[in-house]
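We will go from stop to stop, picking one piece at a time.

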Amino acid sequence: MSERVGHSAWVRISHWLAAFSVIAMMVSGYAMLMTNPNLYWGEVGNPLVPAFIELPVSKNYRHEGWSEPVAFFESANSPVSSNRGFEILNLNSWGRSLHFLAAWVLVFTGCFYLLLGVVSGHFRNKLIPGFNELSAAAIRDDIRHHARFQVKAPDSRDGYGLLQKLSYCLVLFLLIPLLFLTGLTMSPLITAAYPILLDMFGGYQSARTIHFFAFVAIALFVLAHILMVLLTGAGRQLRGMTLGTRKAKTSHDG
Amino acid sequence: MMDKKLLTRRQALTAGLAAASALVLPGCAEDLPPTYGHLLRMGDNFTYRAQRLLLPSHTMAREYARSEISSMPAIGMTDPGDSSNRLFVEEFGSEYARLRHGGFTDWQLSIEGSVARPGVYSLADLQRLPHKTQITRHTCEEGWTAIAEWNGALLKDLLEGAGVLPTARYVNYSSYDAWDDSIDMWDALHPQTFLAYGMNGRELPVPHGAPVRLRVATQMGYKSMKFLRRIVVTDNFVDPGRTGLIQNGWSWSAGI
């Protein structure tokens, strides 16, 4: 009789649901960002005020084509109004709808995963590094191995490596919750109900900027994750995450 | 032992499905915006249902200090009467040019449909409604924001004056740049949903929707229609077709 030793079915199901929704959100989020590829800080940010960061990612990155500014007030540094006289690239119609649809999938998957992760002991036993594992020397060692691409394929008996555990925890317990909350802060209706979100992140535009950098971090994680899968045997890893591993391995793979 | 466990699991599953359907099924019964079988529109409707079910009602969007008023771009149509504008629509554009020439004294907003007293309101009529001011953030779907002071009347006061019938569920509105849109009664009766005829203490500038624009503080900017022309209260959702959001691929409910 074969013994199941790899990822549990619920881990495999949540992994792929999360993977598809995260990729859908990265694509649609990028499409939305292209509409106004400038980042700001605070509550206000628009083409008439200085940007915190200007990302050169679409044809909307340009300053010409605005009418002569008209001041709202008599004062010298009065805020102004100006008309935009050019067409912009705007993919927000499908981008936003897909973003929220994928967000729902991720919310339901996340609830399912968190519940089972706690109940089954998966978080405690496999994911969260124990105090005895966590030492500067151990982290340094693991970084050195990764830098030399000497990555050991995770064996069913060894479980995840230290950096692996830390990066999974960072994504699951910090980046995704941060993306969730900063995303909600961009909704006028939700911040009407929970204005504390605006205070937490320092305003709508700050939340948008933080949302962008958390996306960058997730994107880097996804790249590193795929690289690790390739380095440790893509076929075996993909099989393990889809069909599951049925039999205990008798020897180390690499 | 096994049977007992299966039963509990099934019960749990049934309870879960019942809870999920509470979110979806009322939507089917209550005449939501049409999806035309489009998965993204189904997602929009799901979000809209969830918002109305889960969020506390009539919470207020944040209001700001006068010192926080910011610059604000005017995008899309900036003068419906300008025939050289690429967005010019002859049908209403020339009428708008005439009204603007007369300082909007001939401008009238009609209110029709499921109301006890349909009628037309001039700018002076609107200005006789209780005057309100709010300093709120305009949140454009493009990702930019601006804070402005809006001066005007509550849509709620206009609707109550016209006597909205108890069957009414949507407030539809049309503009001089030939767009049609609608909001539900929740948004329409919200104490921050304005018919704005003033901006930052002066009359509303043409690029920002003169003489009167809608301001829905709890919604994305594109629901705040400029250059208002007509209001129709309906009992059911109306898809205006090519002059509305859905058939142009945009979410009607807009927010998240």
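Start by selecting A:Ser81, which stands opposite B:Met72 in strand 1 of chain B. Now widen the selection to strand 4 (80–83) of chain A and strand 1 (residues 72–74) of chain B: three bridges join them, and the two run parallel. Strands pair here if DSSP finds at least two bridges between them. The strands (E, at least two residues) and helices (H or I, at least four residues) are DSSP runs, numbered from the N terminus.

A word on what you are looking at: this is a predicted model, in which local features need pLDDT of at least 70 and side-chain atom pairs count only at pLDDT 80 or more, while totals for chains, interfaces and linings use all residues. Residues are numbered from 1 along each chain as its sequence is written, and chains are lettered from A and ligands numbered from 1 in the order in which they are written.

You now have an open sheet of three strands in the order 3(A)-4(A)-1(B), with mixed pairing.

Now show where the two chains touch. Chain A gives 40 residues to the contact and chain B gives 42 residues; residues are in contact if their C-beta atoms, placed from the backbone, lie within 7 Å. On the chain A side, strand 4, helix 2 (92–119), helix 6 (188–193) and helix 8 (204–231) each supply at least two residues. Helix 2 of chain A brings the largest share, nine residues. Colour that side by class and you will find 22 nonpolar, 14 polar and four charged residues. In this count Ala, Val, Leu, Ile, Met, Phe, Trp, Tyr, Cys and Pro are nonpolar, Asp, Glu, Lys and Arg are charged, and the others, Gly among them, are polar.

Buried residues (20 or more other C-beta atoms within 10 Å of their own, C-beta atoms being placed from the backbone; exposed means 12 or fewer, partly exposed in between) make up 28% of the 254 residues in chain A.

Move to chain B and select helix 3 (residues 90–101), which has twelve residues. Which of its residues are buried? Pick B:Phe92, B:Gly93, B:Tyr96 and B:Leu99. Look down the helix axis: the buried residues fall within an arc of 125° (taken from the directions from the axis to the C-beta atoms), so they line one face of helix 3 of chain B. Strand 11 (228–234) of chain B is included in what covers them. Turn to the other side of the helix to find B:Glu90, B:Arg98 and B:His101, which are exposed. Just after the helix, B:Gly103 takes a positive phi of about 65°.

For the last stop, select strand 4 (residues 132–139) and strand 5 (residues 145–154) of chain B, paired in the antiparallel sense over eight bridges. B:Ile135 stands opposite B:Glu149 there. The two strands form a hairpin with five residues between them, and B:Gly143 in the turn has a positive phi of about 110°.

Conventions. Two residues are in contact if their C-beta atoms, placed from the backbone, lie within 7 Å. The expected span of a helix is 1.5 Å times one less than its number of residues.
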